[in-house]
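These are my notebook entries on one protein model.

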Amino acid sequence: MMLRAIDRDLWVIEQPLRYFGLGIGTRMTVIRLAGNQLVIISPIQVSEALVNQLNELGTVAHIIAPNLYHYLFAAEFKAAYPNATFWATAGLKAKKTELAIDRAICHRQGFANAAADSPWPGLEYLFFDGFKTLGPGGPDALEEWVFYHTDSRTLILTDTAFCFDESFPWLTQLVTQIGGGYKRLSPSLLERVATTDKQPVKASVEQVLRWNFERVIVAHGRIVERDGKQQFKRGYESFLGCSLA
């Protein structure tokens, strides 16, 4: 596994991952801020090779678990970079009490005080309110934060949308063709079933659409390099069952 440059000061790296028996893979995003500080969003498994690659780019200063599902390798990353700040969505502290979370990303339910300015200059962030997925135990809140890298006009999502294609296993292709997220940027059937109150989601989508993004990086699926804003808008119009401005 190797880091891939996507744009100036923006990289990704992927690793295999299975969910509900499907090969969906997972992707970590790396952003370099001023002063060569690195932000890690949705960390993957740590390896010596990955540590060496990151150290060539800068100093890992921030590790972010962006929702209640993407935390599996965060503790490993924190152990590899003890001086980095481990950020997480607020509910993760209660869900996984053993995680040594340093700061909550600012939110009304947070356990840290809201900061006046972004802790990551050049990286904007937004709480995607109301969005749920269908987990092993039933409907489950994601508590996801989405991010916008202004310099590269890139929206960074985790589980708010997927975009699988023919590069994924045939069973994943079949299921996502039926359930959503195949060759179109959209949530899946799991989120459609679990998310019953769509008004908070609509408000979140409208806020995301205020960002001037072209590219969309997702944690599961292919990266959308062009027309990302329109593809995101169309996917959520279908999900919400209404037109969006």
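**Entry 1: the cavity.** I looked up the lining of the largest cavity and found R27, T29, I41, S42, I156, L157, T158, I217, V218 and A219. On a 1 Å grid over the protein atoms alone, a cavity is a set of points where a 1.4 Å probe fits but cannot get out, and lining residues have an atom within 4 Å of a point. I noted about 40 Å³ of space in the largest cavity, and the count is one cavity of 30 Å³ or more. A volume here is the space filled by probe spheres set on the points, which are joined across faces, edges and corners.

**Entry 2: basis.** I recorded that the model is predicted, that local features need pLDDT of at least 70 and side-chain atom pairs 80 or more, and that totals for chains, interfaces and linings use all residues. Residues are numbered from 1 along each chain as its sequence is written, and side-chain values use heavy atoms, leaving out hydrogens and water.

**Entry 3: the pocket.** The largest pocket (an open set of points with protein on both sides within 12 Å along at least five of seven lines) has a volume of about 640 Å³. Of its 31 lining residues, Y19, I24, D159, F162 and H220 are the closest to its centre. Strand 3 (18-19), helix 4 (170-179) and helix 5 (189-194) each give two or more residues to this lining. Helix 4 supplies the largest share, four residues. I take helices (H or I, at least four residues) and strands (E, at least two) as DSSP runs numbered from the N terminus.

Entry 4: I traced an open sheet of four strands in the order 10-13-14-15, with mixed pairing; two strands pair if DSSP finds at least two bridges between them. Strand 10 (123-128) and strand 15 (215-217) are at the edges with a single partner strand each, so one side of each lacks a neighbour in the sheet. Strand 13 (residues 144-149) and strand 14 (residues 154-156) run antiparallel, joined by three bridges. F147 stands opposite I156 in strand 14; I156 also lines the largest cavity.

**Entry 5: the hairpin.** Two residues connect strand 11 to strand 12 in a hairpin. Four bridges join these antiparallel strands, and G135 has G138 as its bridge partner in strand 12.

**Entry 6: confidence.** The average pLDDT (the predictor's confidence in each residue, from 0 to 100) is 92, and 95% of the residues score at least 70. Over residues 108-116, I found pLDDT under 50.

Terms used: Contact = heavy atoms within 4.5 Å.
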